[in-house]
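These are my notebook entries on one structure.

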Amino acid sequence: MLDIKVTRTTHPAKKPEGPITSFGKIFTDHMFLMNYTEGIGWHDARIEPFHDLTISPACVVLHYGQEMFEGLKAYYGVDGKVRLFRPIMNARRTNSSNRRLCIPELPEEMFVEAVKAIVAVDRDWIPTDPDTSLYIRPFIFGTDAFLGVAPSQTYLFCIILSPSGAYYASGLKPVGIWIEDDYVRAVRGGMGFAKTGGNYACSLAAQVKAHDDGYSQVLWLDGVERKYIEEVGAMNIFFKIGGRIVTPMLNGSILPGITRDSVIQVCRSWGMEVEERKISVFELIDAQKSGRLEEVFGSGTAAVISPVGKLRYVDEVMTIGDGSIGPVSQKLYDTITGIQWGKIADPFGWTVEVV
Ligand SMILES: *Cc1c(COP(=O)(O)O)cnc(C)c1O
């Protein structure tokens, strides 16, 4: 058991009135904090009023980016229960990111306990309107004030919470995706599989380019041949080609999404074939030209399922379907969100209640 010292705020913030429509702009009254010191380990787990952090201008994270983050949600169910979705997977992925970034690991149960504790303290902040949730952002960064390049000897683990609005306020509308043929996000042996800020810093230039051209997200190709499909900005990608579900295999440069894993398990439970393999952009173009590219969708915690209606690669613009969401995409969305909001049974044992 993690011994967490709780200090409650004496000035609770006014909660927003009416349904929340933003993402990541409002924060709850409290935050979780825990320090790591070499020779001592993780210590001083505590929940405090939400406050700014003070760090040295020489702090290692500001110069060399030694940090990782996670993202999950708490859902206020139709039965009034609060659920987390597969938090143990976030704990495992934290340690996998930490190993890559030379950040000390932490026991999986400690991670889950910390998430549950902070959500329980700010339970009243969980929005209850349909399709809303409480976004949970755990993160760890090196805190040494030292300009030499070396792993930090001290770290801070924080969890902050942000009530977030319905992702699809006006229904699941397919988005346009830009297949990036110049910049790359990650290479084999790099840190593409880790959830770390550096991967996002590296992605901004292409995102700006795509936005300027009217596309909402970037689809990355592999870092060597710029030919094989990897993933979208903050989502993994799936294709339905000739009746089969196909997704890029995890190769070290793709983020192993928890939603991705859930989509694969749900599809297999329906008896659908799911192939995890290499897919080249040219195979996609061929499939689209021969009418076998039936559905394209992204998967991630924020949107769960994000249907793709248009894909651009250099001079090719591929339109997928008729501009509405495909039947498998819709059924996956209904099933996974149904489990998250307690609307349907959870045969996989994925949800964890917060008391
Ligand atoms: C977080 C993330 C995903 C999606 O992972 P989920 O666990 O499904 O939310 C996909 N790609 C990148 C780059 C990510 O950071």
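**Entry 1: Arg260.** I located Arg260 in helix 6, residues 258–269. Helices (H or I, at least four residues) and strands (E, at least two) are DSSP runs, numbered from the N terminus. The model is predicted: local features need pLDDT of at least 70, side-chain atom pairs count only at pLDDT 80 or more, and totals for chains, interfaces and linings use all residues. Residues are numbered from 1 along each chain as its sequence is written, and side-chain values use heavy atoms, with hydrogens and water left out.

I noted a relative accessible area of 3% for Arg260, so this residue is buried (buried is under 20%, exposed over 50%, partly exposed in between; 1.4 Å probe, protein chains only). I then listed its contacts (heavy atoms within 4.5 Å). Neighbours within four places in sequence aside, Arg260 is in contact with Asn236, Phe238, Thr247, Pro248, Met249, Leu250, Glu276 and Ser299.

**Entry 2: the ligand.** Which residues are closest to the ligand? I found Lys195, Tyr200, Glu231, Thr259 and Thr301 to be the closest of the 15 residues that surround the ligand (a heavy atom within 4 Å).

The distance to a ligand oxygen is 2.8 Å for Arg93, 2.7 Å for Lys195 and 2.5 Å for Tyr200. The protein covers 97% of the 380 Å² of accessible area that the ligand has on its own (Shrake-Rupley method, 1.4 Å probe; for residues, only the protein chains shown count as cover).

**Entry 3: Arg83.** I placed Arg83 in strand 6, residues 82–85. Is Arg83 buried or exposed? Arg83 is buried, because its relative accessible area is 9%. Its side chain makes a polar contact with the side chain of Asp79 at 2.7 Å. Not counting residues up to four places away in sequence, Arg83 touches several residues, including Lys73, Tyr75, Trp341 and Glu353.

**Entry 4: positive phi.** Most residues other than glycine have a negative phi. I recorded a positive phi of about 70° for Asp131, which is not a glycine. Asp131 lies in the loop between helix 3 (108–121) and strand 7 (133–142), and at 31% relative accessibility counts as partly exposed. Val314, also not a glycine, has a positive phi of about 50°. I found Val314 in the loop between strand 16 (304–313) and strand 17 (316–319); Val314 is partly exposed, at 39%.

Notes
A polar contact is a pair of N or O atoms within 3.5 Å; within protein, one must be able to donate a hydrogen and the other to accept it, and residues adjacent in sequence count only if both atoms are side-chain atoms.
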